Amino acid sequence: MSERERIQKQRSERASETSSEVTVDATKGDQLKADLDDLLDEIDEVLEENAEEFVRNYVQKGGE
Amino acid sequence: MAIAKVLGIETEYGIAGGPDYDPITSSSIIVNAYAQQGRTRINWDFDGETPEMDARGRVDLTSFAPIVETHLANTVLTNGARLYVDHAHPEYSSPECRTPLEATLYDVAGEEIMRRALGIANDSLDPAAAITLYKNNSDGKGNSYGTHENYLVRRDVEFAHLVRAMVPHFVSRQVVIGAGKVGAETEAALEHNPTFQLSQRAEFFEEIVGLETTLKRPIINTRDEPHSDAERFRRLHVIIGDANMSQSATFVKLGSTALLLAALEEFGPVSFPALPRSPVHAVRAFARDLTLREGVPCDDDLSRSAWDFQDELWHVAKDYVGRTGASAVAESDEVEFILTQWREMLDGVRDDRDAVADRVDWVAKLRVVNGYQERYTLRDQDAKLRAIDLQYHDIRPSHSLAQRVGLRRLCGDVEVREAVHNPPLTTRAYFRGQCVARYPEQIVAANWDSVVFDLGEGPLQRVPMLDPLRGTHELTAELLETSTTANELLDALDR
């Protein structure tokens, strides 16, 4: 299973979990966790695919 | 008496990509792309730039002044800002603003200007050579570039008092306004192997006081280049700050610093907390201490954490506001907003971080880094975590993580769009920006304290603007509106 597929699977599992739980008894902590999960899903979609290369290639000259 | 805290921020943006990957070429492409699309191709005038002047009243021979490069792309915008290539980065220097909230707006306008410049530049480049820009301060490999604040200060405030009063703030304010960093990159910090630091910049500081900005960076920079009447004014050039993506952080950074400078002018340094015995050790140790509880020994034999310093400094600012109203900094509702935001962010980083993840950059970033690490069981050193750090600062809406973490916004879209084009009304930036907008053909150069006209015959004519609080809308709007040409303007100024 590729990383992408794994993420998709986790995402759909989480989506079904949260939809049943949150409405019943959403404590503040659960809500924060759910918000963070949504955010991490979103970040997965935009984060540079090849992080290693992206980070390695970002080299700046000092400034100021 | 405290004087009006005229202020602004200059930001060097990180740059990647471009044809041949040369950052100087790419930076020039960015600046020229923006300059050529408007009527803003006015050169910067280097007269009055004296970066070698030392505020301590003598030139310090052990440190070298920065080199002013005169051959690179350089322009003045209709909003009164300067957009140029500094070393190997595109830099936006905001116009002089009258209040912290206004300076925040013009910093955000700078981001929008960079975003537009990037769009124009990339439209003309092969997609493989597209440029990207980052509002951050380091590359994770030991190279840092700056976000500098400037504050107008009374000349007769003793420099030693500035050091005495402001060092505690500059070493500790990172607990509220640090932009956060995954890992470390200098020898001194790597020794401690931190997984995360509060500040992008803290580990790069090596001296307490000095003239340098690129090597042996000092906590207090002594560049004495007032860009105004040197008899009356000093410009405190603050190089120890992170580029913030959170507008609230930018606002509290400017607001807290302006209030403390005004408090110093009003009452002297007596009520400020004692200096840490080793400020350089303190700024670095505080950056690594995510508990915010680690104290450092101070000159009064007490131990203070960064949080303790900020708590005491907040009370110094509150006391100043209570006793004077702080009109030198802003009107009362804005001053109140500085104090409440600063307080909430300070209490939040200690007691309830989730409650301030919408305002404190390092908290917002760390929340994502930790969440991601946990989700995929990543090592501390995983490149993905460093990629999150970097991409937090990407200015493209399609890629920016900062735009996705739910940061509160203080500036509306409409006012940002207006600030891209129009100058602040209550400083000399108004006159500069209006001249650039109205008489672009007759202006050959401009800088912070003058505009130079070429009327086609006779010598060039320089209009000096030595007082940052003159050249305002109130004082010059009628003159500008009734002068349809630069000749008419200069005739009227002569009368």
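## Helix α9 and B:Gln341

Beyond the neighbours within four places in sequence, B:Gln341 makes contact with B:Ser248, B:Phe251 and B:Val252, two residues being in contact if their C-beta atoms, placed from the backbone, lie within 7 Å. B:Gln341 belongs to helix α9 (residues 332–351) of chain B, where helices (H or I, at least four residues) and strands (E, at least two) are DSSP runs numbered from the N terminus. B:Gln341 counts as buried because 21 C-beta neighbours fall inside 10 Å; a residue is buried if 20 or more other C-beta atoms lie within 10 Å of its own, exposed if 12 or fewer, and partly exposed in between, with C-beta atoms placed from the backbone. The C-alpha atoms of B:Gln341 and B:Thr485, which are 144 residues apart along the chain, are separated by 46 Å.

## Model and confidence

This is a predicted model, in which local features need pLDDT of at least 70 and side-chain atom pairs count only at pLDDT 80 or more, whereas totals for chains, interfaces and linings use all residues. Residues are numbered from 1 along each chain as its sequence is written, and chains are lettered from A and ligands numbered from 1 in the order in which they are written.

The pLDDT is the predictor's confidence in each residue, from 0 to 100; its mean for chain A is 74, and 59% of the residues of chain A reach 70 or more. Within chain A, confidence is lowest in helix α1 (residues 3–24), at a mean of 48, and highest in α3(A), at 96. Over residues 3–8 of chain A the pLDDT stays under 50, and the model has two contacts beyond four places in sequence for them; over residues 14–24 of chain A the pLDDT is also below 50, with six contacts in the model beyond near neighbours in sequence.

Chain B is divided into domain 1 (7–415) and domain 2 (425–494), with bounds that come from an automatic or database domain assignment. The C-alpha centres of domain 1 and domain 2 of chain B lie 31 Å apart, and 21 residues of domain 1 of chain B are in contact with 22 residues of domain 2 of chain B. On the side of domain 1 of chain B that touches domain 2 of chain B, seven residues are nonpolar, eight polar and six charged; here Ala, Val, Leu, Ile, Met, Phe, Trp, Tyr, Cys and Pro count as nonpolar, Asp, Glu, Lys and Arg as charged, and the others, Gly among them, as polar.

The largest nonpolar core has 144 residues, and those with the most contacts inside it are B:Leu259, B:Leu260, B:Ala262 and B:Val360. Domain 1 (7–415) and domain 2 (425–494) of chain B both give residues to this core, so it lies between them. A nonpolar core is a set of buried Ala, Val, Leu, Ile, Met, Phe, Trp, Tyr and Cys residues joined through C-beta atoms within 7 Å.

## Helix α14 of chain B

Eight of the ten residues of helix α14 (residues 429–438) of chain B are buried, so this helix is largely enclosed by the rest of the structure. The cover over the buried residues of α14(B) includes β4 (74–76), β16 (443–447), β17 (450–453) and α15 (473–482) of chain B.

## Contact between the chains

The contact takes 20 residues from chain A and 36 residues from chain B. On the side of chain A that touches chain B, α2(A) gives the most, with seven residues.
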